[in-house]
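Let's take a walk through this structure together, one feature at a time. Keep the 3D view open as you read.

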Amino acid sequence: MKVDYIHDKIVESLSFEVPILILTIEKLKNIIENNPFLKDFSIDKEFLHYTFLANKPEEINTEKVENSKTEDEQYFIADDVVYLYCPSGYGKTKLTNNFFENLFNVSATTRNQNTSTALLQLALMREN
């Protein structure tokens, strides 16, 4: 399995454990294309983020998310991704990667819109 191989090589090279999350090109493409915030042209894409979850959460406590977000922040949880809009900046939100990892009890990684689309473009170039 690729995840195990990559994980083992990282441990071997760096001598410490890191969680590994791999998405197929199609999965990443679908996640980006289905971002509900991209349909709202008043939203600045610079403040869009994706929290990719290793697994679909068994239980979703939206009350805790609602109590932790600021008034101007928006989120949408779909299967194994959390779409975030943080207009005051990701560095100021409480809806961090660690927040969602602890809330859902899953490994996660968060990337902004620019990085996510750049990774997709890079993957598509490598595929061809």
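## Pockets, a buried helix and some rings

The residues that line the second largest pocket divide into four nonpolar, two polar and three charged. Keep in mind as you look around that this is a predicted model. The volume of this second largest pocket is about 150 Å³. To find the second largest pocket in your viewer, select its lining: K56, P57, E58, E59, N61, L103, F104, N105 and V106.

Two of those lining residues, L103 and F104, take us to our next stop, as both are among the buried residues of helix 4. How much of helix 4 is buried? Helix 4 spans residues 97-104, and six of its eight residues are buried, so the rest of the structure largely encloses it. Besides L103 and F104, the buried residues of helix 4 are N97, F99, F100 and E101.

What do these buried residues of helix 4 pack against? Their partners include helix 3 (62-68) and strand 1 (48-53). Strand 2 (74-78), strand 3 (81-85) and strand 4 (108-112) are also packed against by the buried residues of helix 4.

Now step just past the end of helix 4, to N105. This residue sits in the loop between helix 4 and strand 4, and it also belongs to the lining of the second largest pocket. Is N105 buried or exposed? Its relative accessible area is 70%, so N105 is exposed. The backbone here deserves a look too: phi of N105 is near 55°, a positive value in a residue other than glycine. For context, most residues other than glycine have a negative phi.

S15 also has a positive phi, in its case near 65°. You will find S15 in the loop between helix 1 (2-14) and helix 2. With a relative accessibility of 64%, S15 counts as exposed.

In one of them, Y50 and F52, the ring centres are 5.8 Å apart and the planes lie at 10°, so the pair is stacked; planes under 30 degrees apart count as stacked. Y50 and F52 are both buried. F76 and Y83 also form an aromatic pair, with 6.3 Å centre to centre and 40° between the planes, and this pair is tilted. Ring pairs link Y50, F52, F76 and Y83 into a cluster.

Our last stop is the largest pocket, which holds about 400 Å³ of space. Its lining is made up of 18 residues, and those nearest its centre are L21, I22, L23, T109 and L119. Helix 2 (25-33), strand 4 and helix 5 (113-127) are the elements that give two or more residues to the lining of the largest pocket. Which element gives the most to this lining? Helix 5 does, with four residues. By class, the lining of the largest pocket has twelve nonpolar, four polar and two charged residues.

Strand 4 is a handy landmark for tying the tour together. The buried residues of helix 4 pack against strand 4, and strand 4 gives two or more residues to the lining of the largest pocket.

Key
Residues numbered from 1 in each chain as written. Predicted model: local features only at pLDDT ≥ 70, side-chain atom pairs only at ≥ 80, totals over all residues. Heavy atoms only, no water. Buried < 20%, exposed > 50% of the residue type's maximum accessible area, 1.4 Å probe, protein only. Contact = heavy atoms within 4.5 Å. Phe/Tyr/Trp six-rings, centres within 6.5 Å; stacked < 30°, edge-to-face > 60°. 1 Å grid on protein atoms, 1.4 Å probe; cavity = no way out; pocket = protein on both sides within 12 Å on 5 of 7 lines; lining within 4 Å. Points joined across faces, edges and corners; volume = space filled by probe spheres on them. Nonpolar A, V, L, I, M, F, W, Y, C, P; charged D, E, K, R; others polar.
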